[in-house]
Amino acid sequence: MKLPLLATLPVALIACSGNGPASDGTGGTSPVTVSPGATPSPSTSATPPATVVDGQPFGRTVIADFDAPWAMTFLPDRRMLVTEKDGRMLLVSADGQQRQTIARIGVDSAGQGGLMDVVLAPDFAQSGRVYFSYSAATEGGKHVVLARGRLQEANGTAQLTGIETLWGASPAVTGDGHYSGRIAFSPDGQFLFFTAGERQKFTPAQAPKATLGKVLRLTLDGKPAAGNPLAAQGFDPAVWSYGHRNLLGLAFDASGNLWEQEMGPKGGDEVNLILPGRNYGWPNASNGSHYDGRDIPDHRAGDGYEAPKVWWNPVISPGGLMIYSGSLFPQWRGDAFIGGLSSKSLVRVDLNGTSAAKGDQWDMGARIREVEQGPDGAIYVLEDGGESQGRLIRLTPAA
């Protein structure tokens, strides 16, 4: 499907109130300059003490409150980019006390749609580029879109400029669910991995020409990467793995293994080790059942499908996925953390090489949409709004 040109992309940028970005002397504008490890400006308000829940190994500090946040990422100077479901991308100070809208993306926010993931480019310090995903209406229905822009800043005002569409899932279909839209860059910074859900349509996850229900490997410009494993078998050339349902977490560990988590149907939420060319079974195999009670064959040895490393029944409704590498919680270094939506929990999964096992599950009292590691080694969780407040909470050791 041919994507619309930038001129037709439904994006309204927030103007700079008379203070535009500084010129780079070439007719363009210079990217924001940030220094890795820089210390943010101190807050003018006292940081509240962390609240410790009995039996939990961390204290909680509320940093900010949003409407319906979906994802976040840290800048090198410890500020944050936060996406809101309604299409706003926010630049938030390190202490959470200040924010500004740097872009308004024209999203289709019905149901599970909205502005979704946000991730810095591998060369962000030089380019200022920010990659993001969102759901959009297009000819034939709706689909998930991968896009990027450039964060530019002058005189205390920031905006996301030069926004361009890179890739869109095909076919576009009706409905408002299972967009997915998670982004992860390969450790060498050469490739972008992207998740496209099966849009609650089941069979496209197994269809070679559809990109629904797939993990894609793309170039940084959104083109199918050369050497993808299934192109010679007649698959869309962007496909890396297939047979997925609703993929809401994607992350590389320190050894370069790619991990993914996805929502199962009635039972059967999964954590998968993503391997090139493999078929992960949906909708032909699942450790859950259809919502109407119909059985789905469980994963079993020799069925031709890649089985999950960990699965849950009843479900946890997994949100974001993060693999911890910090120093505040050394006992968890290398483990995966997952936000639980319907389970209102934070879930830890023990990762050991290419093996995984269930770890802890802590009650958070709210739907957790996103989990990120902060530059300070703290764990940050985002409530998703709706039934929850949409708060950003910093977790630090209880001691």
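1. Start with R182 and E370: their side chains make a polar contact at 3.2 Å. A polar contact here is a pair of N or O atoms within 3.5 Å; within protein, one must be able to donate a hydrogen and the other to accept it, and residues adjacent in sequence count only if both atoms are side-chain atoms. R182 sits in strand β12, residues 180-185, and is buried, with a relative accessible area of 4%. Buried means under 20% relative accessible area, exposed over 50%, partly exposed in between (1.4 Å probe, protein chains only).

2. A word on the ground rules: this is a predicted model, where local features need pLDDT of at least 70 and side-chain atom pairs count only at pLDDT 80 or more, while totals for chains, interfaces and linings use all residues. Residues are numbered from 1 along each chain as its sequence is written, and side-chain values use heavy atoms, with hydrogens and water left out.

3. On the overall picture, the protein chain has 1 helix and 26 strands. These are DSSP runs numbered from the N terminus (helices: H or I, at least four residues; strands: E, at least two). Of the 399 residues, 55% count as buried. If you take contacts between residues at least 6 apart in sequence, 56% join residues at least 24 apart; contact means heavy atoms within 4.5 Å. The accessible surface comes to about 16,000 Å², and 49% of that belongs to carbon and sulfur atoms (Shrake-Rupley method, 1.4 Å probe; for residues, only the protein chains shown count as cover).

4. Next, the core. The largest nonpolar core has 51 residues, and those with the most contacts inside it are V130, F132, Y134, L146, L160 and W167. Such a core is a set of buried Ala, Val, Leu, Ile, Met, Phe, Trp, Tyr and Cys residues joined through side-chain atoms within 4.5 Å. Leaving aside neighbours within four places in sequence, L146 is in contact with residues including F132, W167, I183, F194 and L218.

5. Strand β10 (residues 141-154) pairs with β11 in the antiparallel sense over 9 bridges; two strands pair if DSSP finds at least two bridges between them. V145 stands opposite G168 in β11. There are 2 residues between the strands, and N155 takes a positive phi near 55°. Strand β11 (residues 157-168) is mostly covered, with 10 of its 12 residues buried.

6. I63 is found in strand β3 (residues 58-65) and is buried at 14% relative accessible area. G96 is 33 residues away from I63 in sequence, yet the two are 5.2 Å apart, C-alpha to C-alpha. Beyond four places in sequence, the contacts of I63 include A94, G96, Y380, L392 and R394.

7. Another open sheet has 4 strands, ordered β16-β17-β18-β19, and the pairing is antiparallel. Here β16 (246-252) and β19 (310-312) are the edge strands. Strands β17 (residues 258-263) and β18 (residues 269-274) are joined by 5 bridges, and the bridge partner of E262 is E270 in β18.
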